[in-house]
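Q: I'm new to reading protein models and would like a close look at one part, the nonpolar core. Could you walk me through what goes into it and how the rest of the protein sits around it?

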Amino acid sequence: MSASNASQPTPISSAPIDVPNNVPTGIATHELWRREWQVKQQGAVQWLYPLVLFLVIITLFPLAVGSEPQLLHRLGVPAVWIAALLSLVMGVDGLFKPAMDNGTLAQLVVSRTSLPLWVLIRLTIHWIFSSGLVALLSLLAVPLFRLSWGEAGALLASILVGSPMLLMLSANASSLTLSLKNGAVLVPLIALPMQLPVLIFATGAVDLYATGLNGLPILALLAAGSIISVLIMPWAIAMTLKMAWLN
């Protein structure tokens, strides 16, 4: 081999480089769940405020109404449901605003993570720490409002099957006002008119049980509405969040 040939560089191959197609994009479901669970535990003060509001309302209501047993028994279910609704609306203003401010939403969009899945996970964890605990605390209506354990069980069931729909409606209102400067003020004004039918049907189901009638059809209707809202609302909320981030 001559010296001139030895000094020439080896030509670089122009063949295309194979890039694996199984490179993961986005964040895994269990990682999203673990992260959101840790975020919710770190912000314990924020999700304790709605629970304290619920306890204050149902505790002060008997003191304001009086100690007449029949009146307390008649107003117990509506009072508990109104307290649950107000505590739920109070806790939704911080669902998506921190994620927008600290860049979490931008990271999810850039990494091509499923936004509807993230919304569903975040709302599920929020429901556990809000409506799930409120449903358990609703059993305090037995000593406070002289409800029977059967009526308290029907009340608990109505909160469990109706609160997912309430949460989805509140979260939708929160996402719509995310880009506004004082959007938290508008969330109750948007959500409450849509939530009133749920309140009416839920209290009606418990009243039917108290009078010896069958309230299961109404509870089944509320459960169906909650299932439909869980299947549809995360997609609508995710689209609204993405538009708010782009703007």
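A: Let's start with the overall build: the protein has 11 helices and 0 strands. Keep in mind that this is a predicted model. Reading from the N terminus, the elements go α-α-α-α-α-α-α-α-α-α-α. Of the contacts with a separation of 6 or more, 79% are between residues 24 or more positions apart. The protein has 247 residues, and 40% of them are buried.

In soluble globular proteins, nonpolar side chains tend to be buried together. Here, the largest nonpolar core has 61 residues, and the members that touch the most others are F96, W118, L123 and L155. The top contributor is α9, which gives 11 residues.

Let's zoom in on F96. If you skip its neighbours within four places in sequence, F96 is in contact with W118, V119, R122 and L123, and also with A171, S174, S175, L178, I237 and L241. Two of those partners, W118 and L123, are on the list of core members that touch the most others.

Searching the whole structure turns up 1 cavity of 30 Å³ or more. The largest cavity holds about 80 Å³ of space. It is lined by 13 residues, and A84, L88, S131, V134 and S163 are the closest to its centre. Who builds the lining? The helices α3, α4, α7 and α9 each put in at least two residues, with the largest share, 5 residues, coming from α4.

The buried residues of α2 are L32, E36 and K40. Look down the axis of α2 and these buried residues fall within an arc of 60°, which means they line one face of the helix. Over on the other side of α2, you'll find H30 and Q42 exposed.

Methods. Residues numbered from 1 in each chain as written. Predicted model: local features only at pLDDT ≥ 70, side-chain atom pairs only at ≥ 80, totals over all residues. Heavy atoms only, no water. Core = buried A, V, L, I, M, F, W, Y, C linked by side-chain atoms within 4.5 Å. Buried < 20%, exposed > 50% of the residue type's maximum accessible area, 1.4 Å probe, protein only. Helix = DSSP H or I, 4+ residues; strand = E, 2+ residues; numbered from the N terminus. Contact = heavy atoms within 4.5 Å. Arc of directions from axis to C-beta. 1 Å grid on protein atoms, 1.4 Å probe; cavity = no way out; pocket = protein on both sides within 12 Å on 5 of 7 lines; lining within 4 Å. Points joined across faces, edges and corners; volume = space filled by probe spheres on them.
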